[in-house]
Amino acid sequence: MSLLVLENIVKEYRNQYVLNGVSLRVERGERVALVGPNGAGKTTLLKIAMGLEQYDTGSVVTARNIKVGYLSQDLNEVESSELKTETALHYEKVYRMERKLRDLERQMKEQSENSDSAAYQNLMDKYAKLLTRYEVIDGYTIETKIMKILLGLGLRRETLSIPLNRLSGGERMRVSVARILLEEPDLLLLDEPTNHLDIQATEWFEGFLKKFNGGIIFVSHDRYFLDRVATRVAELEKGSICVRSGNYSNYIEHKNQLSHYVLNEQKRLRWTVRNARETVQGLKSRGRIRASKSREKAIEKLNHEMRTNLEAAKKREHLSRAGGPAIRFKKIRHVSKDIARADNLTKSFGDVTLFSGAGFHLSGGERVGIIGPNGCGKSTLVNMLLGNDRDYQGFLRLGEWVKYSYMGQEVLFENDNMAMLQLITSKRDMPEREARDYLARFQFYGDEADKTIRVLSGGERVRLYLACVMLEDADCLILDEPTNHLDMQARDAVEAALREFRGTMIAVTHDRYFLTHCVDKILEIENGKINTYEGNYEFFRQVKYGADGENGKEDGLWTGKSPGGNSKSKRDNVTGRGYGKRENLKNDLKKERQKKINLEESRQEIEAQIISLEGRIKEIEGLFDTSTPLEKYREYDELLKQVNRLYSEWK
């Protein structure tokens, strides 16, 4: 029996359908990923499933006698106000039982002194039942159990005894995840569960979810996480849902295959219509007017039916490609050898040492990813590079000649009451029409350009900030979590632009997909040192953890240790024995990645040409009548040949 059944769910908001006849089932052992652009209704659907939000029509059915665990991406929803002064190790359910047991023990003692055997026996029965329940939920070992989960999720030992109201947002999110897992639910509903988790904690969580025996439905923009966890993908778009088995990459590959099929069908339709119209023209030239009119009607009917079927297929399978923002950076004319360097760098906050004798060197044109657990000093290192923090020992320098643009985790503007159009024209003098066209490249269309910055969502703020960054014509980009708040399409567009950018990029990020596809050098902060890996994230995993790329774990706990041992041996793995073999692996990875990038860029250019030519073909088809000159048919034929040639190249 299905753990959760959503049947024909309809939800209308402000006269627009957020969900329109959405149906979805979650079986035991399934991990269903909900994906789609921002605002598609993913969080709404989860809340409807939990009974936290009403729906207009449809039905929601959960299996009887199952436990459901729900994690909201809003920390204010997942925290109980009465627990804000408790510590991470506090588990209210067990503490209530313990208080009740102590109370029963006190009452039993009083009754024994009063020699009331009946009352004493009644208390004994209650005590025995409660004690059994306490043992069933492992009350005696619950603190060890929750500590194990919290440490596995990357919470530092020293934070376990700190009141929740003094923990960071990421730390509180981990506590919320741990408490849900302690309940051992049959069904998990997770909304952006990897938000605020660093790479180590995310990989621990992935391993847990893959072993989870119940059902899971989760929302995530983390494509690496989606590939490693999902067994089915359900995409929401414009109120409808499309479901396919497999992980996210399988889903995208399937969509690409369907897109290819639709393009071929469009080509076949054009050939069919063209040949039929040539026949009609021949009939007209021989004076067979009635036959030609009959054939024309048949052509129009065929054309309409096939176009309608293709459009329906595109809508049903979510094949319409709206695309992300059309971001293009300027060409970099000169790249300096030295961009940034650190030697014997030491940095402390009170008794906490972030860096001790650390060092690195960055050259122009490199694409660098800075990684490490939360609190290790990634953002601090960036602030030190930017000159915002000079309280350190040792040598650290970002070249004075480097023209850089910076985007932090919190995207801030000087004046949130300014309109987007006003902001762009303040950055560069340009006519209003040109400024509106420029904003349209970042998916701000028409009157949206007049919206004030303060009303923008997180993803919209990131897109607007990138629009400003492009106008600065920097040769070095310093980015702190650049893909945060972006949906899939926007992430793909930003990454495509950054791959095209020929300057230097320094990015702090937990996005492993970004680290795999946009980075060619990893700086790992670990135990106060900065380890350098000359390759992308996949190369880093293979070098650090071995051929299978799996990290060191003991009993489900993150150990932070590689099979090779300590930090020094890991550096030896990169720069010492076996380096030639790993260098070849790095080069192979780079070549393969560049090959994929070049192929994708070529396909995108060809698609753009096909779309343009097809638009012209459609215009000409609309002009065909009895007075159409022969030259127009020749132009039409030439355009078809060009499109067919492009289709063959597109394959």
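Analyst: Buried means under 20% relative accessible area, exposed means over 50%, and partly exposed lies in between. Please keep in mind that this is a predicted model. In that sense Arg232 is buried, and so is Glu30.

User: What joins Arg232 and Glu30?

Analyst: Their side chains meet in a salt bridge, with 2.9 Å from N to O. Arg232 belongs to strand β8 (residues 232-237), while Glu30 sits in the loop between β2 (16-26) and β3 (31-35), so that the pair links distant parts of the chain, 202 residues apart.

User: And how many salt bridges does the structure hold?

Analyst: It holds 25 salt bridges. As background, side chains of opposite charge can pair when their charged atoms come close.

User: Which residues are linked in a network of salt bridges?

Analyst: The network links Glu203, Glu206, Asp222, Arg228, Arg512 and Arg541. Within it, Glu206 forms a salt bridge with Arg228, and the closest N and O atoms of that pair are 2.6 Å apart. Glu206 comes from helix α7 (residues 199-211) and Arg228 from helix α8 (residues 223-229), 22 residues apart, and the pair links distant parts of the chain.

User: What about Arg512 and Asp222, where do they lie?

Analyst: Arg512 lies in helix α16 (residues 512-517) and Asp222 in the loop between β7 (215-219) and α8, so their pairing ties together parts that are 290 residues apart in sequence. The side chains of Arg512 and Asp222 meet in a salt bridge at 3.8 Å, N to O, and both residues are buried.

User: Changing topic to the sheet: what is the order of the 3 strands?

Analyst: The order is β11-β10-β13, in an open sheet with antiparallel pairing. β11 (352-363) and β13 (393-398) stand at the edges with a single partner strand each, so one side of each has no neighbour in the sheet. On average, neighbouring strands of this sheet are turned by 20° against each other, direction ignored.

User: How many bridges pair β10 and β11?

Analyst: Strand β10 (residues 338-349) pairs with β11 in the antiparallel sense over 8 bridges. As one example, the bridge partner of Lys347 is Phe355 in β11.

User: Which helix packs on the sheet?

Analyst: Helix α11 (residues 378-385) packs on the sheet and touches β10, β11 and β13, and the direction of α11 makes about 120° with that of β10.

User: At what angle do the axes of α12 and α13 cross?

Analyst: The axes of helix α12 (residues 420-427) and helix α13 (residues 432-440) cross at roughly 110° and come within 10 Å. Because angles of 65 to 115 degrees count as roughly perpendicular, α12 is roughly perpendicular to α13.

User: Which residues make the contact?

Analyst: From α12 the contact is made by Met420, Leu421, Ile424 and Thr425, and from α13 by Glu432, Ala435, Arg436, Tyr438 and Leu439. The residues of the contact of α12 with α13 divide into 6 nonpolar, 1 polar and 2 charged.

User: Last one: where is the place of Glu105?

Analyst: Glu105 is in helix α3 (residues 92-114). With a relative accessible area of 30%, Glu105 is partly exposed. The C-alpha atoms of Glu105 and Met124 are separated by 8.8 Å, and these residues are 19 residues apart along the chain.

How values were computed
Residues numbered from 1 in each chain as written. Predicted model: local features only at pLDDT ≥ 70, side-chain atom pairs only at ≥ 80, totals over all residues. Heavy atoms only, no water. Helix = DSSP H or I, 4+ residues; strand = E, 2+ residues; numbered from the N terminus. Buried < 20%, exposed > 50% of the residue type's maximum accessible area, 1.4 Å probe, protein only. Axes fitted to C-alpha atoms, helices over the stretch in contact; angles between N-to-C directions. Parallel < 35°, antiparallel > 145°, perpendicular 65-115°, else oblique. Contact = heavy atoms within 4.5 Å. Nonpolar A, V, L, I, M, F, W, Y, C, P; charged D, E, K, R; others polar. Pairing = 2+ DSSP bridges. Salt bridge = Lys/Arg side-chain N within 4 Å of Asp/Glu carboxyl O.
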